[in-house]
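Have the structure open as you read.

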Amino acid sequence: MSKTKTLFYFGYGSNMSTQYLIKRRKIIPVESEVACLKDYELIMNMGGPNFLEPSFANIRPSKGSTVEGVIHKINDNDLQKIVNTEGEDYQLVKLSVYKDGKRETAYTLIYITEETKDIPPSKRYLKILINAAKENNLSKPYIENLEKRPSVYYPFLSEIFSIRVYLWVWLRT
């Protein structure tokens, strides 16, 4: 039997949430801590499937900006599970993040796209990010910035579609 090794994975979107990883992806991190990625910015430029879920979180280089997120200590099999369920349009990258002022090497996923505009996400998805940020005690200014982001919501249609998205994610894990 091959031995798995542990590594760090930096989550900046829904994967910030430890509960999301446990409940939806069936991944139990050894530990999860707040971390910062310097000289990158959070952007909603990963196109969603339709107008009800128009975009999802991504990161891109941006001198002087910082993305707050969560660094999860997981095994290499769990990292592969994340990569497989996110899809082939992501690039797995290794970069430096900072937790408690100390530099750590972590893997993360960056969506490959030509889109440069920030597209408002669904209210449902943005709520996942805000709740994950609060769950992990990200900085108050970062949470406030997430709360100020515009989002889209269509009564009834958004509710129906959120069930479909839940099932789609559940089936991929």
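## Before we start

Keep in mind that this is a predicted model.

## Asn15: in a loop

Let's begin with Asn15. You'll find Asn15 in the loop that runs between strand E1 (6-11) and helix H1 (18-23). Is Asn15 buried or exposed? Its relative accessibility is 4%, and buried means under 20%, so Asn15 counts as buried.

Who does Asn15 touch? If you skip the neighbours within four places in sequence, Asn15 is in contact with Tyr9, Tyr20, Leu21, Arg25, His72, Ile82 and Glu86.

## Glu144: on a helix

Next up is Glu144, which is part of helix H4 (residues 140-148). Glu144 has a relative accessible area of 32%.

Now look over at Ile130, 14 residues away from Glu144 along the chain. The C-alpha atoms of the two residues are 8.8 Å apart.

## Arg149: between two helices

Moving on, Arg149 sits in the loop between H4 and helix H5 (157-172). Because its relative accessibility of 16% falls under 20%, Arg149 counts as buried.

What does the side chain of Arg149 reach? It gets to the backbone oxygen of Leu42, at 3.1 Å. Leu42 also turns up among the contacts of Arg149, together with Ile43, Met44, Asp118 and Leu126, once neighbours within four places in sequence are left aside.

Conventions. Residues are numbered from 1 along each chain as its sequence is written. This is a predicted model: local features need pLDDT of at least 70, side-chain atom pairs count only at pLDDT 80 or more; totals for chains, interfaces and linings use all residues. Side-chain values use heavy atoms; hydrogens and water are left out. Helices (H or I, at least four residues) and strands (E, at least two) are DSSP runs, numbered from the N terminus. Buried means under 20% relative accessible area, exposed over 50%, partly exposed in between (1.4 Å probe, protein chains only). A polar contact is a pair of N or O atoms within 3.5 Å; within protein, one must be able to donate a hydrogen and the other to accept it, and residues adjacent in sequence count only if both atoms are side-chain atoms. Contact means heavy atoms within 4.5 Å.
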